Amino acid sequence: MHYLSVFRIIADMKAFNVSAVVAQPSLRAEVSSLPAYVPGSRAEAAAMAALASNESHFEPLPSVLRTVFDAARTMNRYPDTSSLALRERIAGNLAATVDEVTVGPGSLGVLSQIISAFCRPGDEVIFPWRSFEAYPILVQLAGATSIPVPLRRDEGHDLEAMLDSLTERTRVIIVCTPNNPTGVPVSHGELDEFLGRVRSDILVVIDEAYIEYATAADTPDSLALYRRYPNVCLLRTFSKAYGLAGLRIGYALAGGHLSEGLRKAALPFSVSAMAQQAAIASLDAEGEMRTRVQAVVSEREKLLPALRTAGWDIPASQTNFLWLRCSDESRERLVGAFRDAGILVRGYPGDGVRISLADTEANNRVLAVLANAALREDLR
Ligand SMILES: *Cc1c(COP(=O)(O)O)cnc(C)c1O
């Protein structure tokens, strides 16, 4: 056959979309069934008050910025893949050994290492719901099975129902305290009793992304629980109170042999030298971080009663955000009202709206939007 005829045939196949029958590399079903990430408008978002992601609204500390600039000079080299200096520092702060500390690209990165290190396809991961949106995604990517357990009516973890959900296939349980997006914590007593009733071969991950903002007297003494129960792993991050969300760094505290497994499951060199050095510099500036956290906590203690007095039913947040549970109709109205006021908040279909706290000026704008009583009609 003349080669021009071959081109004709290919062109005809394309025209009739015959190429669809040619086998394509196929994605795993766990991947293809995940929703695609839809970016919002950057230009629009840049002009709005960013109260949708629970970030720190404070600019990076000058001492941390200087450290990052210095560390950037070595970016032609791979970073220390074991993050040893930072792990030593964290271990020192927590009276733990270096072996117990695993650093990763955000606590999400560490959680992904945890799930891939412990779960085979079909294994079950129990977590509260609504909670952090990343949990079901990481579980699905690992080929494991999500067992979301609805929160109680008062927005607390339903620990009894979580215990009832245990099966032979349960490998990991995630407790998120204080919980995102509700801001509600689990108390020390509740958590202690729960841990006493979980089989010792199940890993319990306590995600403490917002622990620095928790001020309640019954906040879990998670280090004590970690020492008492060898199957407990603590997950913490530099993304929120420490203000390093964009650098991607977090860590887990787990028994030495468990931690070794987590480190084996890591993508090599995934934590940059800039992130490692920034985390150390942030720990050096612990006092400044505490001052910043205290400012947010004071704002929270001002906003919460003001909004409750205005008639909003808001759970007592122990974090840097507030939660409004509402119907989908109310959610759309609320998110729209905030957008009209130049404020970006986070709506959760089927559940409600989460509003991050920031400086007094931004928080007062939130109060002004919510002063509109018409928004409060038939919330549930
Ligand atoms: C923000 C957040 C994290 C932090 O994720 P990083 O990967 O450390 O940025 C972890 N858990 C919860 C519940 C969060 O809300």
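Arg130 is located in the loop between β3 (124-129) and α7 (134-141), where helices (H or I, at least four residues) and strands (E, at least two) are DSSP runs numbered from the N terminus. The model is predicted, with local features needing pLDDT of at least 70 and side-chain atom pairs counting only at pLDDT 80 or more, while totals for chains, interfaces and linings use all residues. Residues are numbered from 1 along each chain as its sequence is written, and side-chain values use heavy atoms, with hydrogens and water left out.

Arg130 counts as buried because its relative accessibility is 11%; buried means under 20% relative accessible area, exposed over 50% and partly exposed in between (1.4 Å probe, protein chains only). The side chain of Arg130 makes a polar contact of 2.9 Å with the side chain of Asp351, and a polar atom of the Arg130 side chain lies 3.3 Å from the backbone oxygen of Pro349. A polar contact is a pair of N or O atoms within 3.5 Å; within protein, one must be able to donate a hydrogen and the other to accept it, and residues adjacent in sequence count only if both atoms are side-chain atoms. Beyond its neighbours within four places in sequence, Arg130 is in contact (heavy atoms within 4.5 Å) with residues including Leu151, Asn179 and Tyr348.

The structure contains eight aromatic pairs. Rings of Phe, Tyr and Trp (its six-membered ring) pair if their centres lie within 6.5 Å; planes under 30 degrees apart count as stacked, over 60 as edge-to-face and the rest as tilted. Phe238 counts as buried because its relative accessibility is 1%, and Tyr242 is buried, with a relative accessible area of 15%. Phe127, Trp129, Phe132 and Tyr135 form one aromatic cluster.

Charged side chains also sit over aromatic rings. Arg354 lies over the face of Phe321, 5.7 Å from the ring centre, and the charged end of Arg376 sits over the ring of Trp312, 5.9 Å from its centre. The criterion is that NZ of Lys or CZ of Arg is within 6 Å of the ring centre and within 35 degrees of the ring normal.
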